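Subject: Structure for your files

Dear colleague,

Here is the structure I said I would pass on. My notes on it follow below.

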Amino acid sequence: MSISVYLVDDHRLFLSGVRAELSEEFHIVGSGYDVDTAIEQIRGYNPDVVLVDVHMPEGGGIAVVEAVTETNPDVKFLALSVSDSAEDVIAMIRAGARGYVTKTIDPGELSEAIIRVNAGDAVFSPRLAGFVLDAFAGAIPSDDDPELDQLTSREKDVLRLIARGFAYKQVARKLNISIKTVETHVSSVLRKLQLSNRHELARWASKRHIV
Amino acid sequence: MTFRRRRSNRVLAGVAGGIADTLGVRDGYVRAAFLTLLTVWGVGGILYLLAWLLSFDRVADIDVEQVESRRAVGLGMAFGGLLLLMGAIGMWPNTAIVLTAAALSFGVAAITDPSSPGPFAALMSPGVDSVSRTRLLIGGVLLVGGIVTFSLSVGRIFEFGIVFLAVFLTGLGILIAFGPWVRRLLNDLGNERNERIRQEERAEVAAHLHDSVLQTLALIQRSDDPQRMAILARHQESELRDWLFGTAPLDGVDLLSTALKQTASRIEGDFQVPIDVVTVGDHPVDERSKALVAAASEAMVNAAKHSGADRMSLYLEVDDSAIDVIVTDQGAGFDRASVPRHRKGIAESIEARMEKAGGEARIETVAGEGTEVILRMPL
């Protein structure tokens with residue numbers, strides 16, 4: 001059975017474009033261009049994966065992720081945006097999205113990302129990898145849980161290669177590890193990103209009065 | 001203190017009335033104060049003009065509650081103190097003139113109350129309260145005293161100098177005649193400047209949009225190559241974003257990330273190969289990092305020309321110890337030994353430039369898999 005996907009974006013033109021690209025490979029259950037409709041319909045359809053735009057009126061993608069996660073914890077989110085703003089993207093991931101890709105991604109890569117998110121893995125685009133490295137850079141670990149507040153040097157190696165545009169497969173080969181190990185590292189970074197109380201992450205978010 | 005001048009019920013510009021409305025005292029006393037100060041080397045006139053300049057435009061008169069007599073006494077004492085202070089610092093021209101002017105003007109102000117039918121009628125009327133009665137009495141005494149001192153000292157005024165009086169009257173006349181005109185001129189100049197600033201801002205936005213966005217849209221309409229359209233759009237997007245969100249120059253300091261993004265954007269346009277730029281950390285552009293930008297630029301041009309890859313990546317990472325810039329393409333790669341000796345691009349533009357600036361360059365390439373140019377500048 002093909003993966004069911006729901007699309008949330010306030011740009012209808014973009015919405016119809018993505019719909020056309022993905023409809024062969026995936027079961028597109030619906031799409032919404034405002035926050036309230038999207039929340040209601042996602043709760044009703046309970047799709048496998050939701051593609052959600054970061055920037056939207058009335059709370060944006062974060063509002064959708066937070067509201068749906070409360071009632072339907074199994075729905076997985078992949079954030080999709082033209083936004084360059086690190087704090088918005090990090091806030092989206094902290095709200096529960098399992099990945100972030102930019103709208104300039106080519107259709108093949110987008111399909112791959114949806115499949116990966118559905119499988120429970122994290123999807124880090126080069127830009128997100130850069131944001132994460134930036135957010136954790138020069139960190140002095142806090143006392144509560146130092147492990148959560150810092151990236152291991154292996155995790156940094158993986159993120160750097162992703163930031164430079166290498167696919168997971170190429171990262172694995174360059175570091176002489178398996179793809180599965182690369183995925184484990186990325187998922188671990190995602191967990192730290194979502195749970196860390198790192199000062200920097202909090203500051204990023206508070207600058208925009210989110211979280 | 002700012003206040004609004006009166007529109008009606010005024011003698012000159014409505015300044016005294018405005019002050020009276022603000023303080024809550026009768027306008028007559030404020031006028032009397034100005035008149036009295038006028039006899040002290042013309043201070044009253046200067047104060048009047050200053051207050052005029054500081055005041056807001058006229059508004060319709062507002063009903064102002066008269067202050068209680070305790071406050072009126074306080075204000076009167078403050079005014080008397082001001083006169084004494086001027087005397088103490090030697091600004092006292094002629095005690096008799098000042099006292100005469102004060103007695104006359106305050107006396108007139110006290111007995112002419114616009115709210116009552118007339119000073120004498122009010123005094124006769126049984127309904128008048130004791131405060132008003134006292135006020136009228138004091139006013140009358142002041143007026144009589146003033147007239148007496150004036151008649152006694154009128155000869156001294158002429159002794160003092162008819163020339164002074166003439167100059168003073170002429171100056172006052174000119175001020176009264178041209179004051180409003182000067183004031184209006186100053187206002188107009190201010191408005192004109194604000195309007196000009198607004199116009200310039202609008203023109204700047206329009207010019208920017210015309211030079212960038214509109215030009216790009218025109219180019220996209222005329223282009224039938226999707227690759228070229230995409231590059232034009234990317235280029236425009238990053239430029240507009242920099243302009244809108246001010247990621248370009250920060251506090252007058254150019255940042256390395258910005259310089260690299262601009263360089264990448266230019267090469268993208270020249271060679272029509274998309275360049276994905278990711279930056280971690282940042283550093284101001286200085287002499288050494290300029291060498292980095294130049295070397296990275298050469299590496300990107302090489303990749304665009306020779307790798308055959310359909311895109312490349314530019315990665316910047318700044319930490320405490322070094323700046324790393326890595327240009328990666330997943331194209332043809334090459335065999336270093338097979339590069340003709342006369343092709344000096346890599347040796348000179350990249351390696352020698354980095355070494356001269358105190359950094360190093362490393363090139364890793366595998367034929368058929370791509371090339372990485374790794375530039376490192378220790379901090």
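This is a predicted model. In chain B, strand β3 runs parallel to strand β4 (residues 312-318), and six bridges join the two. Within this pair, B:Val278 lies opposite B:Tyr315 of β4(B).

Two helices pack on the sheet that holds these strands. One of them comes from chain A: helix α6 (residues 126-136) touches β3 and β4 of chain B, and its direction makes about 10° with that of β3(B). The other, helix α10 (residues 287-307), belongs to chain B and touches β3, β4, β5 (322-329) and β7 (370-378) of that chain. The direction of α10(B) makes about 10° with that of β5(B).

As for the sheet itself, it is open, has five strands in the order β3-β4-β5-β7-β6 (chain B), and its pairing is mixed. The edges are taken by β3 (275-280) and β6 (360-366) of chain B; each has a single partner strand, so one side of each is left without a neighbour in the sheet. On average, neighbouring strands are turned by 10° against each other, ignoring direction.

On confidence, the model scores ipTM 0.80 and pTM 0.57. The average pLDDT of chain B is 75, with 72% of the residues scoring at least 70. Over residues 247-252 of chain B, pLDDT stays under 50; the model has seven contacts beyond four places in sequence for this stretch. Where pLDDT is low, predicted coordinates should not be read in detail.

Regards

Technical notes:
Residues numbered from 1 in each chain as written. Chains lettered and ligands numbered in written order. Predicted model: local features only at pLDDT ≥ 70, side-chain atom pairs only at ≥ 80, totals over all residues. Heavy atoms only, no water. Pairing = 2+ DSSP bridges. Helix = DSSP H or I, 4+ residues; strand = E, 2+ residues; numbered from the N terminus. Axes fitted to C-alpha atoms, helices over the stretch in contact; angles between N-to-C directions. Contact = heavy atoms within 4.5 Å. pLDDT = per-residue confidence, 0-100.
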